[in-house]
Every structure is written in C-alpha cells, then in structure tokens.
Amino acid sequence: MKYLFKGGLALIALLFSHQSIAASTPGVSVCAAPDGKIQFVFDEGSRDKLGAPGRDGGLTFVCDSVDLLVRSHGEVIQDLAPDTAGLGVNGDPNGDNWSVGELLHLAFDVPVMLISLELNGNHTETVPGGIFSVNGNYFSAMDFDTNGESTFTGLSGDGFALRVPQCRQPRGGTGGCTDFSGYLESVTVMTVPGTPPNEVPEPTTMLMLGLGLLGLTRFRK
C-alpha cells in the first residue's frame with residue numbers, strides 16, 4: 001500500500017507543477033512557417049510583457065501547435081516599444097536587454113531541432129559584436145542579426161540554455177572585444193519527426209486520481 005500512497009503524492013505534486021507552468025504569463029508572437037519550419041517572432045506588438053523570475057514564471061508562446069516557455073533567473077521581458085526589440089531580461093547590468101551574465105532558457109513541449117535565431121542590438125537591426133552560447137556552444141552574435149543567415153547544426157532537444165558570457169580579451173591583445181547587449185528577436189525550429197507532445201493530464205483528473213489513491217490507502221489501514 002505504501003506504493004499507492006507514494007503514487008498519490010507524486011500525482012498531486014505533478015498537478016501543482018502543471019499549475020505553476022500554466023501560471024506563466026502569455027506573451028505575444030507572430031507565428032511563421034517558412035519551408036516547413038516553425039518561427040516564433042517576438043518583436044511584434046504594442047505593450048511590453050513581463051514574466052516572473054524562476055521556474056514558476058516566464059513567458060509562454062504558441063506557434064503551429066508547438067508550445068514554448070521562456071524563463072530566466074530574472075524577469076523575462078518582451079520589449080515591444082519601441083520597435084526592433086524582442087525578449088530580454090529585466091534588470092542589471094543593462095536595463096531590460098539580454099546581456100552579460102544573463103540567461104534565457106527556451107523550453108518546448110516537444111523535442112525540436114534548433115535551426116536559427118535572430119538577434120538585434122538594443123533596438124537596432126544590426127549587432128555590433130559580442131558572443132553568446134547555446135547549451136555551452138559559443139557563437140558570434142554578429143552572425144545572427146538581421147543581415148546574418150547563420151544556422152545551427154546538431155542542436156536538438158526540448159530545452160536550450162542561451163547565455164551571454166563576458167568577452168575575454170586575448171592575452172596581449174588590444175581592442176576588438178565587445179560584450180553583446182540586445183534582444184532575442186525570433187527563434188526558428190523544426191519538430192523531430194515521430195515525437196508526440198509531452199501531454200499532461202487535466203488538473204481535475206489528476207487531483208481526483210491522487211485523492212482516490214490516498215483514500216484507498218487510508219481505507220485499507
């Protein structure tokens with residue numbers, strides 16, 4: 001019976017976990033599907049959106065039946081005014097830009113291949129310089145602005161950690177080292193064929209089943 005009891009507790013915990021995700025703030029995105037790809041565009045809208053920090057916060061987006069949750073250690077902000085912005089992190093060191101030491105975590109409800117993303121430099125379509133990383137792999141931010149057509153190779157999964165490390169000057173070097181500061185303007189992915197969504201049971205169903213198992217355990221005692 002102890003296994004039924006533990007199972008009931010696990011179901012209830014899953015219920016509250018699901019409710020935490022559902023509590024995230026809906027963002028605004030334009031959904032595009034170029035050549036079978038799925039593209040979330042974050043710089044279209046009229047009012048800024050702000051998501052709470054941590055695992056229980058963030059901003060949610062939907063494109064072509066794929067759900068995306070963007071979280072951070074700080075408040076994820078969708079800067080929509082003025083134009084040419086997107087997703088950043090609200091707070092130091094550079095206002096609401098995504099910048100040095102800050103994380104944007106992309107969580108999808110299905111495994112996807114990360115095809116590309118588009119950056120801009122603080123309300124400008126071009127990026128003056130800097131680097132960023134995706135799951136520990138480093139890239140030049142300049143290659144992913146509006147004029148860049150760079151793509152990723154071999155990056156797949158249901159979660160991607162985007163970080164901005166501090167640019168380190170080579171030993172004995174002078175100049176040519178710039179920290180990135182700007183916004184994530186769009187993300188393009190493709191779903192992995194043959195993978196069903198990570199469906200979560202309805203909260204009411206989960207709660208009733210969990211309480212039923214707990215009640216059965218008490219009755220048997």
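A residue is called buried when its relative accessible area is under 20%, exposed when that area is over 50%, and partly exposed in between, using a 1.4 Å probe and protein chains only. With that in hand: of the 221 residues of the protein chain, 38% count as buried.

Before I go on, some ground rules. This is a predicted model, in which local features need pLDDT of at least 70 and side-chain atom pairs count only at pLDDT 80 or more, while totals for chains, interfaces and linings use all residues. Residues are numbered from 1 along each chain as its sequence is written, and side-chain values use heavy atoms, with hydrogens and water left out.

The overall layout comes next. The protein chain has two helices and 13 strands. Both are DSSP runs numbered from the N terminus: helices are H or I with at least four residues, strands are E with at least two. I will also speak of contacts, meaning heavy atoms within 4.5 Å. Among contacts with a separation of 6 or more, 67% are between residues 24 or more positions apart.

Now the disulfide. A disulfide is a covalent bond between the sulfur atoms of two cysteines. The working cut-off here is a pair of cysteine sulfur atoms within 2.5 Å. How many disulfides does a search of the whole structure find? One. Its partners are Cys31 and Cys63, with sulfur atoms 2.0 Å apart. The pair links distant parts of the chain, since Cys31 sits in strand β2 (residues 30-32) and Cys63 in strand β5 (residues 59-63), 32 residues apart. The torsion about the S-S bond is about 75°, so this disulfide is right-handed. The two ends have separate labels: Cys31 is partly exposed because its relative accessibility is 40%, and Cys63 is buried because its relative accessible area is 1%.

Next, Phe42, in the loop between β3 (38-41) and β4. Is Phe42 buried or exposed? Its relative accessible area is 0%, so Phe42 is buried. Its contacts, leaving out residues up to four places away in sequence, include Val28, Ser29, Phe61, Leu80 and Val187. Take Ser29: this residue and Phe42 are 13 residues apart along the chain, and their C-alpha atoms are separated by 4.9 Å.

Arg55 is found in the loop between β4 (49-51) and β5. With 67% relative accessibility, Arg55 counts as exposed. Arg55 and His73 are 18 residues apart along the chain, with 8.2 Å between their C-alpha atoms.

On to Ser181, in the loop between β12 (156-163) and β13 (183-191). Ser181 has a relative accessible area of 21%, so this residue is partly exposed. Which residues does Ser181 touch, not counting those up to four places away in sequence? They are Asn94, Asn97, Trp98, Ser99, Gly121 and Asn122. Two of these deserve a comment. Trp98 is 83 residues from Ser181 in sequence, yet 5.7 Å from it in space, C-alpha to C-alpha. Asn97 makes a polar contact with Ser181, side chain to side chain, at 2.9 Å. A polar contact is a pair of N or O atoms within 3.5 Å; within protein, one must be able to donate a hydrogen and the other to accept it, and residues adjacent in sequence count only if both atoms are side-chain atoms.

Most residues other than glycine have a negative phi. Phi of Asn122, however, is near 50°, which is positive. His123 also has a positive phi, near 70°. Asn122 lies in the loop between β9 and β10 (131-134), and His123 is placed in the loop between β9 and β10 too. Asn122 is partly exposed, because its relative accessible area is 40%. For His123 the value is 26%, so His123 is partly exposed.

Last, the aromatic rings. Rings of Phe, Tyr and Trp (its six-membered ring) pair if their centres lie within 6.5 Å; planes under 30 degrees apart count as stacked, over 60 as edge-to-face and the rest as tilted. The structure holds ten aromatic pairs. Which residues do ring pairs link into a cluster? Trp98, Phe132, Phe139, Phe144, Phe152 and Phe180.
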